[in-house]
Amino acid sequence: MSKVRQIRHLITENDFSKDEIKDILSKAKIFSNIQSYDKLKDKLIITLFFENSTRTRSSFEIAAKRLGAKVVNLDIGTSSSSKGESLEDTVSNLNAMKPDAIVIRHKTSGLPDSLIKYVDCPIINAGDGKNSHPTQAMLDLYTIHEHFNGDIENKTIAIVGDIKNSRVASSNLRLLPRFGIIPILVSPDCFMPDDDIFEKANSLEDVIDKVDIVMSLRAQIERHGQNYYKTPKHYAIDYCVTKEILGDKDIILLHPGPVNRNIDISDDMLSDERCKVLQQVTNGVAVRMAILEKLL
Ligand code: NCD
């Protein structure tokens, strides 16, 4: 009897069970001490980024290369998308070259999911619109888990900023509560999502005494279509995470990047040892190695 291997995709964090995610965290811990390993030696991964990216694209590429895989980064500017080819046709053509995985980022929510029927390999969502950014949420979870030595149940996280338009927030709000982490949403009304599941506040100062983790987010101005604030500085007056707000509290500070300095987080907090922004970037490679190894 032939054994047909079912293709697994990573479109949202809900595609993995809690046990599978725990397994990814353990594997990532091992990978964090390994510079190279030839587990995916014969594999080829295509990355397809229709939105700008510094961290996520290079993190996937480095993760793949550390596992011995080859990576083809399709340059969207010079691809046939600009000659009028549909995205489905572009992906079908790339699939015909038999890659072992396609990593995709696109501004349209739901797009990676809609491409599954055109491919014979895993699709990994590297961010779709406001919808989901599963690998970012998993590296955030890993960073929290690492800092608290696994003791994360009932820890409270304040997510600060443009929650409504952030796929990082959406993914974390689905993932972190599965591990017992309690979110508090901190944002102005214009950036506050509609749901009634989580505690909400308009100011970080109002809730700071009960939080263990602060996650700052950038205002997703590319998705706004209007100016909510006269200038970024006006937003920063109330939502920049500063040393005055954090005081000497035992709190860790996260941000997925790109950070707008002195708008999202003040200079002094960015150089404070409680700020884990660069640790998140380091952890992102290890977590993506674990995810690639699992899916391929
Ligand atoms: C985020 C994204 O693209 O969703 N960045 C990232 O992947 N590290 C967050 C953002 O752009 O604000």
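Helices (H or I, at least four residues) and strands (E, at least two) are DSSP runs, numbered from the N terminus. This is a predicted model, in which local features need pLDDT of at least 70, side-chain atom pairs count only at pLDDT 80 or more, and totals for chains, interfaces and linings use all residues. Residues are numbered from 1 along each chain as its sequence is written, and side-chain values use heavy atoms, with hydrogens and water left out.

**View 1. The shell around the ligand.**

View 2. A polar contact here is a pair of N or O atoms within 3.5 Å. In the side chain of Arg218, an N or O atom is 2.8 Å from an oxygen atom of the ligand. Gln220 has a polar side-chain atom 2.9 Å from a ligand oxygen atom, and Gln136 has one 3.4 Å from a ligand nitrogen atom. The ligand exposes 320 Å² when taken alone, and the protein buries 93% of that (accessible areas come from the Shrake-Rupley method with a 1.4 Å probe).

**View 3. The cis peptide bond at Pro258.** Between Gly257 and Pro258 the peptide bond is cis, with omega near -5°. Pro258 belongs to the loop between strand 9 (252-254) and helix 10 (267-270).

**View 4. The backbone at Asn149.** Asn149 is a residue other than glycine with a positive phi, near 50°. The loop that holds Asn149 runs between helix 5 (134-147) and strand 5 (156-160).

Methods
Polar contact = N/O pair within 3.5 Å; in protein donor to acceptor, adjacent residues only side chain to side chain.
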